[in-house]
Amino acid sequence: TNGDAATDMLIESMRKGLEKYPVKDHRTTIIHAQMMRDDQLDAAKELGLVPSFFPSHIYYWGDRHRDIFIGPERAARLNPMKSALDRGIRFTIHHDAAVTPADMLMLIQTAVHRVTSSGKLLGPEQEIPVMEALKAVTINAAWQEGEEKMKGSIEVGKLADLVILSANPLKVDRTAIKDIEVIETIKEGISVYKKP
């Protein structure tokens with residue numbers, strides 16, 4: 001649901017569906033959730049919907065949204081991650097490869113520092129802390145897919161899926177997260193990539 005009208009349709013459909021066929025923990029995902037209004041976030045929390053925001057949109061198309069499509073006020077709310085966080089809504093973030101590069105560190109940086117490709121800040125009130133962005137691509141993503149018992153965090157008994165980075169994203173300047181390099185990738189405890 002990119003636009004808020006599409007989100008209205010999803011919410012109405014889910015409300016009717018859950019009234020007829022109640023499912024307590026369905027984790028229905030709202031892909032992109034670009035223009036969610038506050039009342040829609042409230043409804044999402046009530047109905048157990050999980051937004052999966054697309055912050056790369058801010059970098060790649062934020063200027064066009066602000067200047068051409070929807071204006072500065074609405075564009076500042078693209079991907080309202082902070083509003084979701086403030087409501088206690090568990091959410092994820094994603095890229096849209098091959099529409100945007102499959103670059104998780106750039107994705108995280110854009111979630112925590114909402115700068116467009118022209119270098120302009122777009123809706124800084126919707127920026128989220130680095131730890132929340134990291135959760136959105138790890139433990140929340142596993143939970144969203146119903147796989148939280150086997151992955152998403154480093155714990156005994158879970159798959160050892162992880163990356164080793166050249167720097168700690170929690171400690172570098174938020175404008176340098178995209179420059180962190182992946183040194184090694186480990187899948188189920190086996191090294192599948194090492195930086196040459």
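Modeller: On a 1 Å grid over the protein atoms alone, a cavity is a set of points where a 1.4 Å probe fits but cannot get out, and lining residues have an atom within 4 Å of a point. A volume is the space filled by probe spheres set on the points, with grid points joined across faces, edges and corners. This is a predicted model, in which local features need pLDDT of at least 70 and side-chain atom pairs count only at pLDDT 80 or more, while totals for chains, interfaces and linings use all residues. Residues are numbered from 1 along each chain as its sequence is written, and side-chain values use heavy atoms, leaving out hydrogens and water.

Biologist: Which residues line the largest cavity?

Modeller: Its lining consists of Ser56, Tyr60, His95, Pro101, Asp103, Met106 and Leu107. Helices α3 and α6 each give two or more residues to that lining; a helix is a DSSP run of H or I with at least four residues, a strand a run of E with at least two, and both are numbered from the N terminus. The volume of the largest cavity is about 30 Å³, and the whole structure has one cavity of 30 Å³ or more.

Biologist: How do the residues of the lining of the largest cavity divide?

Modeller: Ala, Val, Leu, Ile, Met, Phe, Trp, Tyr, Cys and Pro count as nonpolar, Asp, Glu, Lys and Arg as charged, and the others, Gly among them, as polar. Here the division is four nonpolar, two polar and one charged.

Biologist: How much space lies in the largest pocket?

Modeller: A pocket is an open set of points with protein on both sides within 12 Å along at least five of seven lines. The largest pocket holds about 1100 Å³. It is lined by 38 residues, and those closest to its centre are Val137, Thr138, Asp161, Leu162 and Val163. The lining has 22 nonpolar, ten polar and six charged residues.

Biologist: Which residues are closest to the centre of the second largest pocket?

Modeller: They are Lys45, Gly48, Leu49, Arg90 and Trp143, out of 13 lining residues. This pocket has about 170 Å³ of space. Arg90 and Trp143 also meet in another way: the charged end of Arg90 sits over the ring of Trp143, 4.3 Å from its centre. The rule is that CZ of Arg or NZ of Lys is within 6 Å of the ring centre and within 35 degrees of the ring normal.

Biologist: How many aromatic pairs does a search of the whole structure find?

Modeller: Rings of Phe, Tyr and Trp (its six-membered ring) pair if their centres lie within 6.5 Å; planes under 30 degrees apart are stacked, over 60 edge-to-face and the rest tilted. The search finds four pairs. Phe54 and Trp61 make a tilted pair, 6.4 Å centre to centre with 55° between the planes. Tyr60 and Trp61 have ring centres 5.9 Å apart and planes at 55°, so this pair is tilted. Ring pairs join Phe54, Tyr59, Tyr60 and Trp61 into a cluster.

Biologist: Is Phe54 buried or exposed?

Modeller: Buried means under 20% relative accessible area, exposed over 50%, and partly exposed in between (1.4 Å probe, protein chains only). Phe54 is buried at 2%, whereas Trp61 is partly exposed at 26%. Tyr60 is partly exposed at 32%.
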